[in-house]
Amino acid sequence: RVAGSAAALGRDATVAWNYVDLRFRPRDPLRIEARLTRDDLVIRFRRQQGAASPPSGSGTEATAPQPIARTCASCGEVSCFRHEHHATHTVEAGRTAYLVDENWPEFQDYVAGVHHPEDVLGRPIDGARWRLPRYDWRVRGFARAGAAPIQSLRRMIEMRRAPAQGPARRFAELKGAERIAASLARLLTPGVTRVCVAQSLLPYLWRDGHLGGREVTVLMTRLPMSELHTRLGEAFAAHPDRPTLGDFRASAELVEAEAEALAYAAHIVTPHRDIARVFPDKAMILDWKLPASGRVERDAKPRQIAFPGPTIARKGAYELREVARALGLEIVLLGSELEGPDFWRGLTVEKPNSSSEWLADVAAVVQPALIEERPRHLLAALATGVPVIATPACGLAAQKGMTLVPPNDPAALIAALNAMLG
């Protein structure tokens, strides 16, 4: 109840349907905010701090608000001429919209196991039609399946044209996700009461008001942007000679929108243990899917290790270079070299001859990353019995054949490699 109103004095209802009944004239400039939760419409009146208060004794002093304001729908006065009699009706349970992006096998199985026939699926592009396994989502069993092909193709083209590393690439990635989110939002019809949404699309759908009033589940593929900024900022402050640690930050508006949406979400679904630790009360942890490669014929060289990469600071390239020099290790590089052509100068470095046989010669796979989203190479190593050394940032749980070390700690990495390689 608004202080100073007739309702605050017990002489009026706060809202009397269906009239423009609540009117007031503020003494100070106000900003009116409205948002939907899953159950309520919340209105806030904000004024600048330090604005003049009503004079004492004016009859408009603030009174303690009731938890629930009285309305014509809840006052209980059935004899009033404004009371309306409504027939009892059944409220539909509603549908779920699954708005997805890249096809992770863990998310594919999750969606297949929880969706219902009346639900809808929105994906960037028809992966089966365009022969793009990365976006090949199973559509059977959904009442409707939609896509954003023009926006998705545009994102692919802009990503191909963007540099391999740097702000321009990240900007193209974010703008592409924004356009796809705007297109898929058309699937959020009034009958959709629940949304399961990819993290890449989340901040834009939240910012544009499509998620309020709906139950939200997020398919998380990376740390929240606020956490990423914190980790990269601390690492850059400690190592200002590593410019790639500070070459991009998302806008404050986007970071805030994602943080608000994640706080609002009912569930966080991810196979990534490091992400799940950020949401201890609402994370649903999926099992990582090991590739069905089986064991390979190995002829491991005792001092050769594989680095999944790419060669960039946030993946632990500087720590691995220091350790390789100290121990005289040979390195098999699997990713792009983004820190310059002379980064590995003085070390024996080679590229694998085949993308499927790179595990045959290495004694271990090492990824001392500060940030890692897709530990697919580590999973391939574990599936074939090759030892793995990684940080908790890689998102895998401690298990047989795997050693976890802290990030930014060459001494711990040397100890782990000495214990593993003898």
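Trainee: Which strands each supply at least two residues of the nonpolar patch?
Mentor: In this predicted model, those are β1 (30-36) and β2 (41-47).

Trainee: And which residues make that surface patch?
Mentor: Phe24, Leu30, Ile32, Leu36, Leu41, Ile43 and Phe45 make it, and the patch covers about 650 Å².

Trainee: Take isoleucine 43. Which strand is it in, and how exposed?
Mentor: Isoleucine 43 lies in strand β2. Its relative accessible area is 42%, so it counts as partly exposed.

Trainee: What about arginine 46?
Mentor: Arginine 46 is also found in strand β2. It is partly exposed, at 39% relative accessibility.

Trainee: What is arginine 46 in contact with, beyond its neighbours within four places in sequence?
Mentor: Pro29, Leu30, Arg31 and Glu33. With glutamate 33 there is a side chain to side chain polar contact at 3.0 Å.

Trainee: And where is aspartate 28 relative to arginine 46?
Mentor: Their C-alpha atoms are separated by 9.8 Å, and the two are 18 residues apart along the chain.

Trainee: Now the inside. Which residues touch the most other members in the largest nonpolar core?
Mentor: Leu99, Val197, Leu201, Val218, Ile305, Ile331 and Leu417, out of 68 residues. Apart from that core lies another of 32 residues, including Phe107 and Trp288.

Trainee: Which residues of helix α1 are buried?
Mentor: In α1 (residues 105-114), Glu106, Phe107, Gln108, Tyr110 and Val111 are buried.

Trainee: What covers them?
Mentor: The cover includes strands β3 (95-99), β6 (192-198) and β7 (215-219), as well as helix α10 (376-384).

Terms used:
Residues numbered from 1 in each chain as written. Predicted model: local features only at pLDDT ≥ 70, side-chain atom pairs only at ≥ 80, totals over all residues. Heavy atoms only, no water. Core = buried A, V, L, I, M, F, W, Y, C linked by side-chain atoms within 4.5 Å. Buried < 20%, exposed > 50% of the residue type's maximum accessible area, 1.4 Å probe, protein only. Patch = residues over 30% accessible without salt bridge, like charges linked within 9 Å, V, L, I, M, F, W, Y side chains within 5 Å. Areas by Shrake-Rupley, 256 points an atom, 1.4 Å probe, with all protein chains shown as cover. Salt bridge = Lys/Arg side-chain N within 4 Å of Asp/Glu carboxyl O. Helix = DSSP H or I, 4+ residues; strand = E, 2+ residues; numbered from the N terminus. Contact = heavy atoms within 4.5 Å. Polar contact = N/O pair within 3.5 Å; in protein donor to acceptor, adjacent residues only side chain to side chain.
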